[in-house]
Amino acid sequence: MLNVGKIEEGFVLDHIKAGKSLSIYEHLQLDKLDCTVAIIKNARSNKLGKKDILKVECDIDMLDLDVLAFIDHNITVNVIKAGEIVEKKELVLPQQIKNVIKCHNPRCITSIEQELPHIFVLADPAKEVYRCKYCEEKYRESAKF
Amino acid sequence: MNPLDFSVEELDRLFTLANDIEKNPAAYAHACDGKILATCFYEPSTRTRLSFESAMTRLGGRVIGFADANSSSAAKGESVSDTIRVISCYADICAMRHPKEGAPMVASEKSRIPVINAGDGGHYHPTQTLTDLLTIRTMKGHLDGFTIGLCGDLKFGRTVHSLINALVRYPNTRFIFISPEELRVPDYIIEMLKEKNIPFEEVIRLEDVMPRLDLLYMTRVQKERFFNEEDYVRLKDFYVLDVAKMTLAKEDMLVLHPLPRVNEISVEVDEDPRAAYFRQAQYGVYVRMALILTLLGLA
């Protein structure tokens with residue numbers, strides 16, 4: 001089994017659905033950070049069978065928790081200081097997300113109005129349904145991630 | 001604007017004002033003196049545009065605008081956001097129709113003047129819903145406790161969806177959806193009705209339910225919505241309202257239709273006192289007058 005060492009300062013995103021780590025890497029814009037990032041794919045998990053893990057050595061404030069919660073609010077966020085877990089952050093579905101996903105409804109005004117931000121609003125927290133702020137088209141996960 | 005942006009109480013105030021305008025038109029003939037309505041219609045809609053223009057003119061105001069995108073700066077590629085910023089300098093209130101869903105909302109975010117959604121693609125047509133509600137409230141005296149039949153294209157008809165959403169807020173409403181299988185009301189509406197415990201039925205034939213209806217809302221069944229010609233021929237007469245079907249209805253049932261009518265209501269039915277669809281067009285002007293006054297703070 002492959003071993004990836006502990007990090008001293010930063011955060012560990014655990015319980016990522018297997019195969020989703022690269023998409024999270026992209027959406028959190030981790031490529032823009034000048035710090036160590038470890039992407040672990042298909043690690044063994046009692047809870048999920050297989051899971052992905054991301055270890056990032058940077059300040060937790062640099063992480064957009066809203067985007068992460070939108071992608072998967074079941075991800076565990078461990079904050080690490082001096083090599084130890086000091087906090088587990090709970091992810092809450094954001095009320096609104098801006099410019100993370102695009103509305104794919106060809107009849108939506110966002111399809112022609114270039115400068116318009118793509119905003120999705122949490123319409124049904126129980127069913128985790130997001131709708132485009134403008135045309136109310138339902139966001140379908142399968143179409144994007 | 002979505003009709004649900006108004007509370008039931010706010011709608012009541014709007015309808016009471018519309019009824020007062022109907023009774024005392026002279027009292028409102030100069031209510032909007034010096035005010036300008038801009039009608040920004042990016043797609044043609046003679047009926048709605050003229051209704052807005054009539055409303056503003058009857059209030060003593062003036063109207064500027066364009067009737068299709070080709071005669072506007074949109075043809076040169078100007079965005080809705082920029083257009084409304086400019087229109088805000090020219091007019092006091094704007095009615096906008098746009099083929100893209102959400103365009104009036106974008107406009108309202110950038111505008112310094114009130115923007116009324118006069119229809120945005122297949123999304124909303126709120127002033128039609130206000131018209132429908134005012135017609136029912138005026139002719140029946142209330143908006144609760146009705147068994148309402150919605151007949152025809154219930155899948156793509158935005159006026160149908162808006163009306164359902166508006167009526168669920170009134171107690172003891174019961175819906176009967178009358179449509180071919182292909183044009184059934186969308187799942188999200190069915191889910192919403194189940195969630196709110198609002199009774200509804202789905203049937204294929206209008207005759208079967210006619211005697212139980214207090215209100216019948218007709219829409220057109222378009223041939224191109226069907227998968228094959230055979231189904232269209234087999235089903236189309238189920239959704240044509242004629243004198244024979246009217247004999248099955250209650251004496252005080254109202255027939256509503258957002259218009260334009262093609263052949264889904266036989267012209268013989270026009271003489272029936274229960275046919276309310278042309279009066280509906282009249283109420284459309286009153287409700288738009290009330291809306292303009294309210295949004296301009298002149299009510």
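## Contact between chains A and B

In this predicted model, the contact draws 12 residues from chain B and 10 residues from chain A, two residues being in contact if their C-beta atoms, placed from the backbone, lie within 7 Å. On the side of chain B that touches chain A, α4 (80–90) and α5 (103–110) each supply at least two residues, and α5(B) gives the most, with three residues. Helices (H or I, at least four residues) and strands (E, at least two) are DSSP runs numbered from the N terminus.

Residues are numbered from 1 along each chain as its sequence is written, and chains are lettered from A in the order in which they are written. Because the model is predicted, local features need pLDDT of at least 70 and side-chain atom pairs count only at pLDDT 80 or more, while totals for chains, interfaces and linings use all residues.

## Helix α3 of chain B

In α3(B), the residues B:T48, B:R49, B:S51, B:F52, B:A55 and B:M56 are buried, that is, 20 or more other C-beta atoms lie within 10 Å of their own. They cover an arc of only 160 degrees around the axis, which puts them on the same side of α3(B); the arc is that of the directions from the helix axis to the C-beta atoms.

The buried residues of α3(B) pack against β1 (36–41), β2 (62–66), β3 (93–98), β4 (115–120) and α11 (277–295) of chain B. Just after α3(B), B:G60 adopts a positive phi of about 90 degrees.

## Chain B as a whole

Chain B comprises 11 helices and nine strands, and buried residues make up 42% of its 299 residues. Its C-alpha atoms fill a box of roughly 55 × 45 × 40 Å along the principal axes.

Conventions. A residue is buried if 20 or more other C-beta atoms lie within 10 Å of its own, exposed if 12 or fewer, and partly exposed in between; C-beta atoms are placed from the backbone.
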